[in-house]
Amino acid sequence: MSERHGDAVERIPTPHRLVDWLTVNGLAVDSCTTAQLDRARELRESIHAAATAAAIQGALPASAVRVINDCSAQGRAAAILTPEGQRQWRLGSASCVEDALSVIAADAINIIAGERDGKLALCASPTCQAAFFDTSQSRTRKWCDMNTCGNRQKKARFHANQRKNPRSAE
């Protein structure tokens, strides 16, 4: 779920949209039920809660840890090496959502546990504050996305300065 301008917007409202999103992200599945969509949303919210806690060095919520671990353990996915030297995921024989969720959960575990090169941070935008994974060289990124939150903050600062110093625009 995305919280732009303080309003929560569901980006994956239907099972079909989850299938599409998984396919775009290299985790193609055959189909998705409403229950599987609910489980994916539960995993998403659990990752968000755990990542947010980790970003502020707080205690990880036990319920979030349980959901992430359960999803990680329930799938049948294997990492395979492509001829080009890239990692690709191969899901279970009857590609199902649980297999895809296990990949997502395992990746979240790697990030939250600090095993990936980068750092968890919270977006500096007061209307967002989403947890994001900072892989910038300096690890000082302020916004989850420069094209949305970053630009919004810079525009707000610019307009505030214009109101304070109306002659500076001339």
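Predicted model: local features only at pLDDT ≥ 70, side-chain atom pairs only at ≥ 80, totals over all residues.
The axes of H2 (residues 34-55) and H4 (residues 97-112) come within 11 Å of each other and cross at roughly 0°. Angles under 35 degrees count as roughly parallel, so that crossing makes H2 roughly parallel to H4. On the H2 side, the contact is made by Gln-36, Arg-39, Ala-40, Leu-43, Ile-47, Ala-50, Ala-51 and Ala-54. H4 answers with Val-97, Glu-98, Leu-101, Ile-104, Ala-105, Ala-108 and Ile-112. Sorted by type, the residues of this contact come out as twelve nonpolar, one polar and two charged.

Next up is a hairpin. Strands E3 (residues 77-81) and E4 (residues 87-91) run antiparallel and are joined by five bridges. Ile-80 stands opposite Gln-88, which belongs to E4. Five residues sit between the two strands of the hairpin, where Gly-85 takes a positive phi near 85°.

Then there is the largest pocket, with a volume of about 1500 Å³. It is lined by 43 residues, and the closest to its centre are Trp-21, Arg-44, Ile-47, Ile-104 and Ala-131. Strand E1 (2-4), helix H1 (15-24), H2, E4, H4 and strand E6 (131-134) each give two or more residues to the lining. By type, the lining splits into 25 nonpolar, seven polar and eleven charged residues.

Key:
Residues numbered from 1 in each chain as written. Heavy atoms only, no water. Axes fitted to C-alpha atoms, helices over the stretch in contact; angles between N-to-C directions. Helix = DSSP H or I, 4+ residues; strand = E, 2+ residues; numbered from the N terminus. Parallel < 35°, antiparallel > 145°, perpendicular 65-115°, else oblique. Contact = heavy atoms within 4.5 Å. Nonpolar A, V, L, I, M, F, W, Y, C, P; charged D, E, K, R; others polar. Pairing = 2+ DSSP bridges. 1 Å grid on protein atoms, 1.4 Å probe; cavity = no way out; pocket = protein on both sides within 12 Å on 5 of 7 lines; lining within 4 Å. Points joined across faces, edges and corners; volume = space filled by probe spheres on them.
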